[in-house]
Amino acid sequence: MIHKLQITNFKRLGTKEIILKDNISLVVGGNNSGKTSVLHALAVWEYAKQVLIYEKNPRALYHGFSGDGYGVTLDDFTPINIPSFRYLWTNLKADSGYTLAISCFWILNDTEKHLKIGLAYGQEKLYIKTLDSNINEGDYIPHVVYLPTFAGINSKEEWHTPSVRNKYIGQGLAGSVLRNQIMELFLHNQEIRKERKGDRSKILESDLKWIRENDAYELLNQTIFSIFKGMLYPKAFNPNFHTHVLVNFRKGEIVNKRFKPFADYKERDIMVEGSGFLQWLSVYTMAVTPNIDVLLLDEPDAHLHCSLQSELFTHLQRI
């Protein structure tokens with residue numbers, strides 16, 4: 001968990017040090033006071049970290065590494081939606097070097113680790129470079145995901161690569177990839193079930209119990225049922241053959257530990273469910289995704305009735 005954030009020359013924040021609480025931190029303030037900018041700073045740090053890992057070398061994040069920065073164009077910049085790289089700076093000056101910096105701090109084996117990434121702008125490119133780090137090979141580095149308020153769901157959703165999903169989310173269109181996120185959890189669930197079943201005719205009850213208690217898709221559906229009295233129904237999907245993702249919702253009841261849909265309630269695409277349901281589903285789908293360490297939620301209470309706001313916060317605390 002990231003417990004401290006240091007920012008230099010980022011957007012309206014200027015120079016800031018922000019201390020984060022364990023488990024859940026609430027960033028509270030008036031309109032246009034910089035709350036979203038805090039989340040954006042962490043999202044840009046995560047993007048820059050990934051660029052250095054995949055375009056340079058994982059060693060580019062380690063203590064003592066020396067080398068040039070890596071340049072990206074605006075077309076390849078996915079964490080947030082801006083018309084120009086200039087808008088990342090508090091006050092950009094020509095040929096000013098790596099004047100924008102974002103540092104994250106976390107605890108690893110009772111030792112504080114940090115990674116400071118600098119940004120420079122020139123020739124219509126954003127240059128990314130590690131400015132300071134005490135990371136060594138094998139050290140854990142948090143994975144951060146930014147999720148804006150739900151918007152942008154379409155009647156048909158294509159199967160997207162991770163980079164395209166990141167771009168949609170960065171553009172504020174989390175709804176355009178919601179089915180993708182659900183389908184990934186569902187496909188992983190099916191793989192686990194197949195693995196646990198093996199050559200047997202059915203899964204052992206002990207294995208089924210473990211799956212229900214630990215698998216992200218199972219936990220998602222259990223919580224959906226507890227609040228909305230229904231479950232998700234992803235349609236058969238194979239990325240080698242299918243180009244679009246379909247996820248339906250159906251109401252029902254639990255009979256002998258199994259979900260039994262109501263006979264008079266036809267399943268329907270999640271798109272036609274209420275805005276509160278979709279906002280809640282978007283947040284919770286990301287929250288149960290196993291490889292996300294830090295989830296940045298921008299106004300997660302939007303569209304939610306006060307009772308659902310409370311339910312969401314309670315469930316987030318539990319996980």
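1. Helices (H or I, at least four residues) and strands (E, at least two) are DSSP runs, numbered from the N terminus. The model is predicted: local features need pLDDT of at least 70, side-chain atom pairs count only at pLDDT 80 or more, and totals for chains, interfaces and linings use all residues. Residues are numbered from 1 along each chain as its sequence is written, and side-chain values use heavy atoms, with hydrogens and water left out.

2. On the second largest pocket: H1, strand S3 (70-72), strand S7 (144-147), helix H2 (162-170) and helix H3 (178-197) each give at least two residues to its lining. A pocket is an open set of points on a 1 Å grid over the protein atoms alone, where a 1.4 Å probe fits, with protein on both sides within 12 Å along at least five of seven lines; lining residues have an atom within 4 Å of a point. This one holds about 1,000 Å³, a volume being the space filled by probe spheres set on the points. Its lining counts 33 residues, with Gln50, His143, Pro162, Ser163 and Asn166 nearest the centre.

3. By class, that lining has 16 nonpolar, ten polar and seven charged residues. Ala, Val, Leu, Ile, Met, Phe, Trp, Tyr, Cys and Pro count as nonpolar, Asp, Glu, Lys and Arg as charged, and the others, Gly among them, as polar.

4. The largest pocket has a volume of about 1,300 Å³. It is lined by 47 residues; Ile24, Ser25, Leu295, Leu297 and Leu316 lie nearest its centre. Two or more lining residues come from each of helix H1 (35-56), helix H5 (216-228), H6, S14 and H7. H1 gives the largest share, six residues. The lining splits into 27 nonpolar, twelve polar and eight charged residues.

5. Helix H6 (residues 275-288) packs with helix H7 (residues 306-318) at about 5°, axes 11 Å apart. Axes are lines fitted to C-alpha atoms, for helices over the stretch in contact, and angles run from 0 to 180 degrees between N-to-C directions. The two are therefore roughly parallel (angles under 35 degrees). Trp280, Val283, Tyr284 and Ala287 of H6 meet Leu312, His315 and Leu316 of H7. Six of the contact residues are nonpolar, one is polar and none is charged.

6. Leu297 sits in strand S14 (residues 294-297). Beyond its neighbours within four places in sequence, Leu297 is in contact (heavy atoms within 4.5 Å) with Leu39, Leu147, Val283 and Leu316. Leu297 and Gln123 are 174 residues apart in sequence and 33 Å apart in space, C-alpha to C-alpha.

Conventions. Parallel < 35°, antiparallel > 145°, perpendicular 65-115°, else oblique.
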